[in-house]
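Please examine the model shown below together with its sequence.

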Amino acid sequence: MVQPRRLRVRFLAGVTLTAALIAGALSSPAAAVQAAPAGIAPFSAPLNGTAGASALTGLAAPATFTHPGVLVGRSQLDFIRSKVNAGAQPWKAAYDQMMASSYASLSRTAKPRAVVECGSYSNPNYGCTDERQDALAAYTLALAWYVTRDNRYADKAIEIMNAWSAVITDHTNSNAPLQTGWAGSSWPRAAEIIRYTYTGWTSTAVTRFATMLRTVYLPEVINGSNSNGNWELSMMEAALGISVFLEDRTSYDRAVAKFRGRVPAYIYLTGDGSLPKGPPNSGIDTSAEIIKYWQNQSTFVDGLSQETCRDFTHTGYGISAISHFAETTRIQGQDLYPEIGERLRHALGFHSKYQLGTAAPSWLCGGSLTLGLGPVTEVGFNALHNRMGIAMTNTQTLTERQRPAGTNALFVAWETLTHANNPG
């Protein structure tokens, strides 16, 4: 079920205050590339029962944030650029796929609106698809800029980000938290690359974009959701990326705290006991409640997800958000892969096995699975197999078979290009 929506600070009402707080640190585009901003006020929404980061996470936000540092860092970007320019595979094919997409078009016209209204299963859909696609386009164009060093791509990304930051004030209807999480995951990826590798984004525009993230996006996602797990995981991915861009240590810690409580409630390991863990503060704790929440699945094995018996597509959203979140924390020097890696390994392997064609046994989802995992395995596979040396036969087979991985048109895009065998 969707949680009651909070009263939120409206975007335009917050512009003056936030601009005053950060204007001094963004006095010139060149300064934005060289150094992170100082003096950005921390987000102050209530925790709604979530334990403080110091008690729950055991990790603190970095004293100094790394930029660019949302999903892809500078060394990863340099690796991508060198491989594409050398014509090496699979990166060149992945790059060509990206550049042939509409998201890389230099003739793209942004379609911002003040209020994006998204109902269940996109009914109604007032600006939902437009927002997600424009956010993905900004990220795509930022990647294109970094590889080509063609200013036109950076300028087009800036044009799209400026268009939305000048207009949007709210997300409404039942899917508002999820929509905000999806779009809010892509915006900071684009913004981090452009802000810290290009000098053409003015300080005024950067300030306005930061204010948009703080007042329109962050309040919608920071307190999470007790809906299906892919919601909260995507929302925390957005909250983390936004926190990095804003250098907001308080929100960063809150996102990490939520994430660390949600991952064990989304992916089961035998060590959890006879039943999966319930989401923190959800009230879902009895055997009957947990089985119902897990789509009426009553047999639990390593790697099973809370949404496996719903369908693999939504499960893929959750797995992807977990991978993205862990990748960003790793770039920021707060590596969560050692903590969540075993769950992620089993989840990737379990779902890859069935996605590759293994028939479902009768005890699993009544013997019937709805497949469609999507292009979501590259980030986790690269981290666990290539960096950490973990054997992942099924995941490797599926990952290599799906290359080049494209986009799900929501919040996943071009991850063969960005993460295939990337040591950065």
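The model is predicted: local features need pLDDT of at least 70, side-chain atom pairs count only at pLDDT 80 or more, and totals for chains, interfaces and linings use all residues. Residues are numbered from 1 along each chain as its sequence is written, and side-chain values use heavy atoms, with hydrogens and water left out.

The structure contains 15 aromatic pairs. Rings of Phe, Tyr and Trp (its six-membered ring) pair if their centres lie within 6.5 Å; planes under 30 degrees apart count as stacked, over 60 as edge-to-face and the rest as tilted. Phenylalanine 65 and tyrosine 252 are edge-to-face, because their ring centres are 5.8 Å apart and their planes stand at 75°. This pair links distant parts of the chain, 187 residues apart: phenylalanine 65 belongs to the loop between helix 3 (53-56) and strand 1 (69-70), and tyrosine 252 to helix 11 (residues 249-266). Helices (H or I, at least four residues) and strands (E, at least two) are DSSP runs, numbered from the N terminus. Phenylalanine 65 is buried at 8% relative accessibility, and tyrosine 252 is buried at 1%; buried means under 20% relative accessible area, exposed over 50% and partly exposed in between (1.4 Å probe, protein chains only).

A further edge-to-face pair joins tyrosine 317 and phenylalanine 411, at 6.2 Å centre to centre and 75° between the planes. Tyrosine 317 lies in helix 13 (residues 312-331) and phenylalanine 411 in the loop between helix 16 (393-402) and helix 17 (415-419), so the pair ties together parts 94 residues apart in sequence. Both tyrosine 317 and phenylalanine 411 are buried. Elsewhere, one aromatic cluster is formed by Trp164, Trp187, Trp201, Phe209 and Phe245.

Helix 15 (residues 378-387) has 7 of its 10 residues buried, so it is largely enclosed by the rest of the structure. The buried residues of helix 15 are Glu378, Val379, Gly380, Phe381, Asn382, Ala383 and Leu384. Their cover includes helix 13, helix 14 (337-355), helix 16 and helix 17, where contact means heavy atoms within 4.5 Å. Just after helix 15, glycine 389 adopts a positive phi of about 75°.

Two arginines lie over ring faces. Arginine 149 is over the face of tryptophan 145, at 5.7 Å from the ring centre, and arginine 189 is over that of tyrosine 139, at 5.4 Å. The criterion is that NZ of Lys or CZ of Arg is within 6 Å of the ring centre and within 35 degrees of the ring normal.
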